[in-house]
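Colleague: Please take me through one part of this model in detail. I would like to see how the chains meet.

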Amino acid sequence: MSSRAQILARVRRNQPAWRALPDIPSFERPLVDSWATFASALARMGGSVAVPSEGVALDEFVRARFAQARVICSATPEVAGTRSISTVRDPAELEDVDVGVVRAAFGVAETGSVWLSEREFGVNVLGFLSQHLVVLLDPRTIVPDLHHAYRHPGFHDARYAVFMTGPSATADIEGVLVRGAQGIRTLTVIPVAAAATGSATPARRSS
Amino acid sequence: MSRVDHAEASSKFIEAKDHADFHDKRLWDLRKKRDSESEAMPEWETLRTLASAIKEHTLTHLGDYLEEFEKNATANGMVVHWARDAAEHNQIVHEILEQHHATTLVKSKSMLTDECEMRPFLENRGVEIVETDLGERIQQLDNEPPSHIVVPAVHKLRGDVAEVFSRTIGTDARNTDVLYLAESQRRHTRPYYLKAQAAMTGANFAIAETGSFVVCTNEGNADLGANLPPLHIASIGIEKLLPKIEHLGVFVRMLSRSALGSPITQITSHFRAPRPGTEMHVVLVDNGRSERLGMEDFWYSLKCIRCGACMNTCPVYRRSGGLSYGSTYSGPIGVIIDPTFNLRKYSSLPFASTLNGSCTSVCPVKINIHEQIYKWREIIAKRHQLPMVKEEAMRVAGKVLASPKLYRAAVEAAAAGLDHLPRFIVYNPFNAWGRQREVPSAPASTFRQWYVKNRGVER
Amino acid sequence: MKVALFIPCYVDAFFPEVGIATLELLERLGCEVDYPLDQTCCGQPMANSGCHDDARGTEALFAQNFAGYDHIVTPSGSCAHHVRDQMTAIEQTPDVQAVRRNTRELVEFLHDVLAVREFPWAEFPHKVGLHIGCATLRGLREAKASEIDEPAFNKPARLLSAVKGIEFVQPQRPDECCGFGGTFSVFEEPVSAKMGHDKVEDHHQAGAEYIVSPDMSCVMHQQGCARRAGLPLKFIHIAQVLNGAPA
């Protein structure tokens, strides 16, 4: 008998009497200001919000904010950066990226999270190898909480989907909080409405 | 196999005062942070009830959900393997690595791989393994197991980490700055992600409906690993199944709040299919779980989502440290699952508890931990795995306390002649009590003597 | 109201004043109190060690001694919890089930059955750290545990707040276990003693003069620690305070 068959047989033999699956109630709460809730939650998790001044183009804003950056790699056509994700063939090429730029599909007010998949990253590891990440987020896409967030169809068709909430972090040594552990050191959300035709992302590459 | 002596190990732990004090305060702080989160959510107790019910439903239908998961995961392009036990898990992983000529592996935190003792198995076969989680890496470099399932090096102070790193990755031994140490590990580990041929992760949850699995981390290490090498292997215990994506709303909301008092981990990743041109393998592991499913008093332990909240609240764990339990799983959850791995070896663990019950109160899936601890004690006593001294003391106590005459003789003697606790409580000379405490003083008469004298006559 | 009094072995042996205060208090409140003379123990020490066979004789004796009473009261939360929730080594006849059901810890009895809220004879003008043992807290649910998110309630505090002059001080960890745990106190002595010392130090730092508790077993352990540490803490059972122990 294969291991699979053995395991399943043992499981089925030992399963206790059936218990019903509960319905998950709706925790609807009127969300007064979803942007403010989101921004506050994001700040708590170590992320920041940046709003370009009137008339300043996104590209210019990003370059000015990361003046020392040599490589700005963008996965969204709204920001050119110095390198487009569409040129990347091997994910390891992103090792030298100072700033990655992406547009998130939506945000979650409860936690200050943004949602991204391979569509938004172009190359997944852009969200982790970059030293810094800039995330464009349309405030209208912010949902109140994770129950709402998990209704997003992306969980059923994306190969890889991630909630990013602030920068990478650790407190493994003496409980001292370190922001910028092994992934991104900073995460900056820029509230920008998505273009009416939807954000055109570069053609999906192999990774 | 020799028994773990928790009391002995705890004595050494407590002696290192600075370490012990820090350990206790740090974990109590995590417990308080959890409290803040739970108090801020009016639906907290409702979510606990839901999480518990969802897990109980899933476990009682586990066969179906495992098959559904496998079907969907396979359709998504993953390869699903089944391992009956630790040895088979290790063999499967090794075979996958061999097929891909992978000799360098980066891995994120997975208690299951520790449980299976995978690392020495693979290292003996020429695989270089780099633990990427900072706490796990410290422990790996120090050749010591992790002590806590969420914060593996919580028992170490920065000076200890500086010593380990200077010895192994060439940092400055005199620099104990935490940011410096963390940055050093970041820089040292980064090249490994780029050159590794394979990455391993665990999984916090596996979703039957979509054939996907979820990995919750803070450091970015799991996702660096998973998204660089062309091979990703995920080890998943069969009890990690959940039916649907919507259930993640409940569990992801509770996991990090329970573990660290933070609303969500910095990175919460959902893997449903491999990146084109790469491979993703899932190893579903039994290793005693299906057997535990059939244990009427103990199957609830399978609901565990490995948050560590029970460890943080446990006053015994905080003052003895995870390593004193001698097992991958320590603290309250360890106490109730370790005896299923080896009853004799872990027979002292269910007694490393005051049965205070706060573990049960903080468990996000409402495992009745302290009740299971109580039940394990009965099994251990029945199988004569108690220390002889205790077994004898209880036998004597049982006889004395069942007889009014014997009891009265013992109590009156104890009350009268008092350097010792009543012998029916402790059979040994009870130096144990008196090491750090004064004994109660002798009253003029017992209550019963007073009562007979003042209120009634002997009938 | 007729009440049977159960006095745990360690109270009988070491803290008879607690038994006396309990008896007097119940009588003051109008109860007719019986004290079955052949009582010994509830079986908890053996049962908590997993030795249910060894507990059987003691549990049977308990059930026998207290059969027929509508109310069995004991100044010990852990004993009441054991009888109500864990006394299963003996056959569960209707009589046994009745004895189990009818057993209550003193505070429960005063608060829930007699519904007493006033103790006009009692005065205790001291700073008090209240210690509720874990079986009393989480087993008998006499107060909200700090880790459960529910509306606050605290039966021992409610009763004590009626005592003239009493002032509660709050330790940093109000309901962390003190480390007695029965035989744990001996077989896991290092951790037990550390927990006890931490507990009394916490109360001391909070400014407590007295630690008041419904659980003398915890007190016995904490008192031992405090005395060894030379802390100026005094210990008293809640029955004694409510009964009007001298200030």
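Modeller: Buried area is the accessible area that two parts lose on being put together, summed over both and taken with a 1.4 Å probe. Keep that in mind for what follows. The model is a predicted one.

Start with chains C and B. Together they bury about 6500 Å². Carbon and sulfur atoms carry 62% of that area. Chain C puts 67 residues into the contact, and chain B puts in 78 residues. On the chain C side, Phe14(C), Leu37(C) and Asp149(C) lose the most area to chain B. Together they make up 11% of what that side buries.

Now the charges. Nine salt bridges link chain C and chain B. One of them joins Glu438(B) to Arg228(C), with 2.7 Å from N to O. Helix α11 of chain C, residues 189-206, gives the most to the side that touches chain B. Its share is nine residues. By type, the chain C side holds 31 nonpolar, 20 polar and 16 charged residues.

Next, turn to chain A. Two pairs of chains are in contact, and chains A and B share the most contacts. Chain A and chain C have no contact. Their closest C-alpha atoms lie 17 Å apart.

Chains A and B bury about 7200 Å² between them. Of this, 58% is on carbon and sulfur atoms. The contact uses 68 residues of chain A and 93 residues of chain B. Here the salt bridges number 12. In one of them, Arg4(A) meets Glu70(B), and the closest N and O atoms are 2.7 Å apart.

Which elements of chain A take part? Those giving two or more residues include α1 (3-14), α5 (126-129) and β8 (160-164). The largest share comes from α1(A), with nine residues. The chain A side divides into 34 nonpolar, 20 polar and 14 charged residues.

Look closely at β8(A). This strand pairs with strand β9 of chain B, residues 267-271. The two are antiparallel, and five bridges join them. In β9(B), Ser269(B) is the bridge partner of Val162(A).

Last, chain B itself. Its domain assignment gives domain 1 (1-34 + 301-386), domain 2 (41-287) and domain 3 (388-455). The C-alpha centres of domain 1 and domain 3 of chain B are 30 Å apart.

Definitions and conventions
Residues numbered from 1 in each chain as written. Chains lettered and ligands numbered in written order. Predicted model: local features only at pLDDT ≥ 70, side-chain atom pairs only at ≥ 80, totals over all residues. Heavy atoms only, no water. Contact = heavy atoms within 4.5 Å. Salt bridge = Lys/Arg side-chain N within 4 Å of Asp/Glu carboxyl O. Helix = DSSP H or I, 4+ residues; strand = E, 2+ residues; numbered from the N terminus. Nonpolar A, V, L, I, M, F, W, Y, C, P; charged D, E, K, R; others polar. Pairing = 2+ DSSP bridges. Domains from an automatic or database assignment.
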